[in-house]
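Dear colleague,

Here is the structure I said I would pass on. My notes on its rings and on one helix follow below.

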Amino acid sequence: MGKIIVIGGGAAGMMAAAAAAEQGVKVIVYEKNEKLGKKLFITGKGRCNLTNHCDMETLFGNVVTNGKFLYSAFYGFDNQAAMDWFEKAGCRLKTERGGRVFPVSDHSSDVIGALSGQLKRGKVDIRLRQQVKSLLVQEGRIKGVKLSDGKIEYGDCVILATGGLSYPLTGSDGDGYRMAEENGHTIKETSPSLVPFIVREKWCRDLQGLSLKNVKMFLGPEGKKAFYEGFGEMLFTHFGVSGPLVLSASSYYRKKCKEGQAALRLDLKPALDLEQLDKRLLRDFEENKNKQFKNSLGGLFPSRLIPVMVELSGIEGEKKIHEITKAERVRFAHLIKNLELTVTGTRGYEEAVITRGGVYVKEVNPSTMESKIVKGLYFAGEVLDVDALTGGFNLQIAWSTGYLAGVSAAGALSAI
């Protein structure tokens with residue numbers, strides 16, 4: 001009987017191994033860490049947002065890079081199929097705001113447990129603390145793998161699911177890119193993605209730890225049209241800004257800002273247009289007309305944001321409300337709708353949720369995930385040049401590509 005070797009015991013690798021084993025074939029998983037799913041364990045702050053309960057249009061709409069390549073993978077094993085798979089494997093799920101799907105327990109260990117259980121049922125041979133060093137390829141066909149200790153494991157198909165470069169403490173060191181490149185594959189330039197921004201403005205540091213909800217964010221080259229806009233939650237940090245809204249914006253930053261600098265604009269009151277906001281200010285000012293400006297903004301902003309907004313407004317904090325001119329009020333309204341920051345770069349792979357770039361998808365068959373260059377070599381997950389926004393979409397890519405690679409490899413074995 002033929003044999004499938006899976007390199008990497010993360011989300012995509014475990015799904016690929018489970019899907020192949022369900023077809024009744026022999027599967028070996030090589031994982032260099034001491035346990036499976038190390039990165040999965042810390043995903044979503046340990047809660048694991050494993051997919052998104054949305055329609056297919058929204059699913060594709062949240063893929064940033066090479067969405068068309070994922071057509072067969074998504075339709076072959078979509079978000080509903082993934083949810084059903086995990087429920088049947090014993091991981092009960094719930095859907096939260098924005099369609100984000102989590103285990104009912106809020107523990108990522110339940111997701112890993114469900115995958116591990118399926119691997120056990122499929123009699124998958126799991127080899128922990130064993131690192132694959134290179135692929136064995138002869139005359140354009142995969143023959144097996146060579147381990148770092150020099151041992152050779154022969155196999156009929158190999159699924160490369162080594163992940164990217166993000167969260168290197170979990171073992172992500174880019175060795176999958178190296179192995180693919182050594183065997184003729186092109187690697188599209190990699191960079192951290194879904195990653196916090198570094199900003200120039202010093203006042204950001206004063207707001208470290210402050211979270212803002214329901215804000216609108218625009219990101220674009222300075223003085224030009226925004227290439228990203230989104231609505232949601234963000235967080236000020238000691239180096240700049242983070243939070244779900246910022247992480248999503250970062251997916252587009254690398255793609256659009258080669259020179260590294262961009263203008264980030266915040267609308268702190270997106271539910272009101274300028275005219276409505278001015279009326280709101282007039283009303284608030286009327287109620288507080290004898291107070292100092294700095295003491296009249298409690299209804300508009302969190303207390304820690306008030307000193308910053310006062311300083312940026314150019315209005316003296318001690319100035320009485322009834323002394324503020326219409327021009328000053330209008331400028332203040334404009335500031336609230338256009339709080340500007342200068343993005344100078346992103347944090348590194350240590351803080352990136354995913355890696356942008358990877359194995360060039362034009363060299364991979366989208367219907368099977370098999371290499372067009374090496375027969376019997378398949379790819380799954382983050383090692384591929386595909387990435388998406390936050391909200392469970394990147395893990396859905398892992399499940400879909402992993403499932404397709406596993407089923408395809410098992411099918412190829414039966415044809416040998």
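Which residue lies over the face of Y360? K188 does, at 4.5 Å from the ring centre. The charged end of K35 sits over the ring of F41 in turn, 5.0 Å from its centre. A charge counts as over a ring if NZ of Lys or CZ of Arg is within 6 Å of the ring centre and within 35 degrees of the ring normal.

On provenance: this is a predicted model, in which local features need pLDDT of at least 70 and side-chain atom pairs pLDDT 80 or more, while totals for chains, interfaces and linings use all residues. Residues are numbered from 1 along each chain as its sequence is written, and side-chain values use heavy atoms, without hydrogens and water.

Aromatic pairs number 13. Rings of Phe, Tyr and Trp (its six-membered ring) pair if their centres lie within 6.5 Å; planes under 30 degrees apart are stacked, over 60 edge-to-face, and the rest tilted. F293 and F332 are edge-to-face because their ring planes stand at 75 degrees, with the centres 5.2 Å apart. F293 is in the loop between helix 10 (274-287) and helix 11 (306-313), and F332, 39 residues away, is in helix 12 (326-337). Both are buried (under 20% relative accessible area, 1.4 Å probe, protein chains only). Elsewhere, ring pairs join F60, Y71, F74 and Y75 into a cluster.

Helices here are DSSP runs of H or I, at least four residues, and strands runs of E, at least two, numbered from the N terminus. In helix 11, I306, V308, M309, V310 and S313 are buried. These residues pack against helix 8 (203-206), helix 12 and strand 18 (339-346), contact being heavy atoms within 4.5 Å. Just after helix 11, G314 has a positive phi of about 80 degrees.

Regards

How values were computed
Buried < 20%, exposed > 50% of the residue type's maximum accessible area, 1.4 Å probe, protein only.
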